Amino acid sequence: MKLKDKTVAELMTERHSAKLFQKGFKIEQDILDSIVEAIRMSPSSYGMMNQRVIVLVDGEFKESLNPIFFGAPNHLTASAQILIITDKADKLKNETMPLTINAKFEGKPEELKAKYFESFAKIWDAKFGAPNDMNHANFWSQKQAYIALGIALVAAEQFGIDACPQEGYDRIKLEELFRSKNLLANDEEITLSILLGKIEGEEGIGYFKKVRKDKKDFVNYIK
Ligand SMILES: Cc1cc2nc3c(=O)[nH]c(=O)nc-3n(C[C@H](O)[C@H](O)[C@H](O)COP(=O)(O)O)c2cc1C
């Protein structure tokens, strides 16, 4: 594993979201494992363990999904695709929250754990407007995946692996297919896709210029 000796700011300045990858490029397994580990170790609000990933290595199955990804050339040519699966509200409340809290309090006094449970239950209703609108809880769960996405982009770039975040897919079709194959439960959703591989030349960088806000408009330091 060879790491780039650069700051994260430099890595982010240099990277591009790949619009086309070199077909057939192989990502070493230990690099792929390390990117997945970076995702697993990403922080989440309350330390909630509400995510898991499915990794599709380039092959027949990934290619068969291409129409669901609207025929995107970067999807077709990527060496690997990481799908971030997040819990929906019901699973979050009934399964993941107790699991997470029990794990966090392992070896700690039971009464402190009970207090934490109680305060979390209060926060749940106030924060999410439950039980009237469970969508806020779903969105909250999805937001944690975006933190993992950011970290995955840094992790990939550190190894010189190009990436493209991907929200452009027919979510309903993809989830139906994965449920029919027992790859996804009813109380989970496929929130994000991350494509990985090696960018294919100028075409791979895409047509658009890389744009960011000017520093002067972006940051306001106050003493
Ligand atoms: C959350 C998110 C979703 C994205 N979805 C897609 C996508 O579905 N397809 C795609 O080609 N690029 C997608 N992109 C890549 C953006 O188009 C790209 O990050 C943006 O144009 C800036 O370019 P750069 O990453 O090369 O600096 C996505 C980026 C983010 C952060």
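## Helix H6

Helix H6 gives way to Gly-129, a residue with a positive phi near 65°. Helices (H or I, at least four residues) and strands (E, at least two) are DSSP runs, numbered from the N terminus. The model is predicted: local features need pLDDT of at least 70, side-chain atom pairs count only at pLDDT 80 or more, and totals for chains, interfaces and linings use all residues. Residues are numbered from 1 along each chain as its sequence is written.

The 19 residues of H6 should span 27 Å at 1.5 Å a residue, and its end C-alpha atoms are 27 Å apart, which agrees; the expected span is 1.5 Å times one less than the number of residues. H6 is hardly covered, with 1 buried residue among its 19. A residue is buried if 20 or more other C-beta atoms, placed from the backbone, lie within 10 Å of its own.

## Packing of H5 and H6

The axes of H5 (residues 89–104) and H6 (residues 110–128) come within 11 Å and cross at roughly 145°. Axes are lines fitted to C-alpha atoms over the stretch in contact, with angles from 0 to 180 degrees between N-to-C directions. The crossing is right-handed, the term for a near helix turned clockwise from the far one by less than a right angle.

From H5, Lys-93, Met-97 and Ile-101 meet Lys-113, Tyr-116, Phe-117, Phe-120 and Trp-124 of H6; contact requires C-beta atoms, placed from the backbone, within 7 Å. These residues divide into 6 nonpolar, no polar and 2 charged. Ala, Val, Leu, Ile, Met, Phe, Trp, Tyr, Cys and Pro count as nonpolar, Asp, Glu, Lys and Arg as charged, and the others, Gly among them, as polar.

## Helix H7

H7 covers residues 135–158; its 24 residues should span 34 Å, and its end C-alpha atoms are 35 Å apart, which agrees. Its buried residues include Trp-140, Ala-148, Leu-149 and Leu-153. After H7 comes Gly-160, with a positive phi near 75°.

## Ligand shell

Around the ligand are His-16, Ser-17, Lys-19, Asn-74, Cys-164, Pro-165, Gln-166, Glu-167, Gly-168 and Lys-210, where a residue qualifies if its C-beta atom, placed from the backbone, lies within 6 Å. The shell has 2 nonpolar, 5 polar and 3 charged residues. Strand E3 (residues 162–166) gives the most, with 3 residues.

## Overall fold

The protein has 10 helices and 4 strands, in the order α-α-β-α-α-β-α-α-α-β-α-β-α-α. Of its 223 residues, 27% are buried.

How values were computed
Buried ≥ 20, exposed ≤ 12 C-beta atoms within 10 Å, placed from the backbone. Contact = placed C-beta atoms within 7 Å.
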